[in-house]
Amino acid sequence: MNHEPEDLPGELTDVPSWPGELARMSCGCNPQGLCKALGIFYLGSDVLSTSRWVGFLLGAGVLLAMWSAPAAPDDEISNMKRRQQGILTGMPFMANITPRTFVDALGRKLFLAKAPSRVVSMAPNVTEMLFALGLEEKVVAVTPFCDYPPEAQSKTHLGGTNPSIEQILALKPDLVLAPQDIIQQSLLQNLDRVKVPTFVLQAAQLEDVLAQIQTVARMFDRSKAGDELAATIRQRIAVVKERTQSLAHPRVLYVLNTDPLQTVGPGSFIHQLIEAAGGANIAAGTSTAYPRFALEEVLARDPELIVFPVGTAEGIPEEEQRQWRRWSSLSAVKYNRLVLVPSVLVDRPGPRIVEGLELLAKAIHPEAFTGESQKEKP
């Protein structure tokens, strides 16, 4: 990834990757920033000692040229300074190209002169995002967990969530997209070391999911598609909120893990899904995104609805779901409101998150989606 200072002069036109390094070499600039096109050479001492008269004449010629040459206008001097400073950065400058700047979840800046053509996805939600934007032809590798859409399974699979740097280099990507909570720090450092542009994503809030879709779309010159997709999701979210927000909000426990018992707090997008669906998260008062709860605390807060994410590769197993029925004093157990939702629709911060929201809303407020509302009840 190319991290440039805020006051970088001129316009960046290259990305420090394999294509970027080749571009620098082909235009006459080596990675150290010395530009061949300027005709600057280093002379050995034996050449310099050949003739002192040659040096004297050269020096005199330079002085004469400086004496007789008209003063350069201020704008020309400014342009010369820009070119010189550009040489110092080792980056070729082209006035007709303006790079795009993207800031990732770690606050790192990525400069892209053009849309990437070979991208590696390191998470299922990222893969779904790329396919939803029509970028499937640019995806060169995904994780073994990227099962949607089905076409994603035909892509090259990385070696789990922590692939080797050699495997990634062999794919020759010009962009790697990875969630912050998945990518290992050592891998990120190695990718930076070999100058593979890497963009780290993180969705703490529901709106972050939509912002990520639009950001990824801009990277690939698909801003219109990204804006339209985000607008469609926002509109569906608004419909759910409109149907549920005026209704009573039952207490909800979302079981993210059972041993130890872990749920979702206000720092997570799943918490926002529960609230948007018309529920009251029993962990709303916690200070962490994914807090651990003691069973006694759950019994004291008495959830009226318990939500289990389920799936073939992730989610709460059926046996663990049955164990909750032992606590017959819980309102959720007493009234048989143990709800199953596909984990891939709720736990993945991708474009299908709105489908998970709609399922949650129907589970919490079935009456709001069958033409019946609480206001109409006697």
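**View 1. Leu253 sits opposite Ile306 of strand S12 in this predicted model.** Helices (H or I, at least four residues) and strands (E, at least two) are simply DSSP runs, numbered from the N terminus, and two strands count as paired if DSSP finds at least two bridges between them. Zoom out a bit and you get an open sheet of four strands, in the order S11-S8-S12-S13, with parallel pairing. Strand S11 (280-281) and strand S13 (338-342) are the edges: each has a single partner strand, so one side of each has no neighbour in the sheet. A word on bookkeeping: residues are numbered from 1 along each chain as its sequence is written, and side-chain values use heavy atoms, with hydrogens and water left out. Because this is a predicted model, local features need pLDDT of at least 70 and side-chain atom pairs count only at pLDDT 80 or more, while totals for chains, interfaces and linings use all residues.

**View 2. Helix H5 (residues 124-132) is largely enclosed by the rest of the structure, because eight of its nine residues are buried.** Buried means under 20% relative accessible area, exposed is over 50%, and partly exposed is in between (1.4 Å probe, protein chains only). The buried set is Pro124, Asn125, Val126, Thr127, Glu128, Met129, Leu130 and Phe131. What do they pack against? The partners are strands S3 (119-121), S4 (139-142), S6 (175-179) and S7 (198-201), plus helix H8 (206-219); contact here means heavy atoms within 4.5 Å. Just after H5, Gly134 takes a positive phi of about 75 degrees.

**View 3. Two prolines follow cis peptide bonds, Pro149 and Pro260.** Most residues other than glycine have a negative phi, and most peptide bonds are trans. The bond from Tyr148 to Pro149 has omega near -5 degrees, and Pro149 is in the loop between S4 and strand S5 (156-157). For the bond joining Asp259 and Pro260, omega is about 5 degrees. Pro260 lies in the loop between strand S9 (257-258) and strand S10 (261-262).

**View 4. Lys195 and Asn336 both have a positive phi without being glycine.** Lys195 comes in at about 65 degrees, in the loop between helix H7 (185-193) and S7. Lys195 is partly exposed, with a relative accessible area of 35%. For Asn336, phi is near 55 degrees, and the residue is found in the loop between helix H13 (331-334) and S13.
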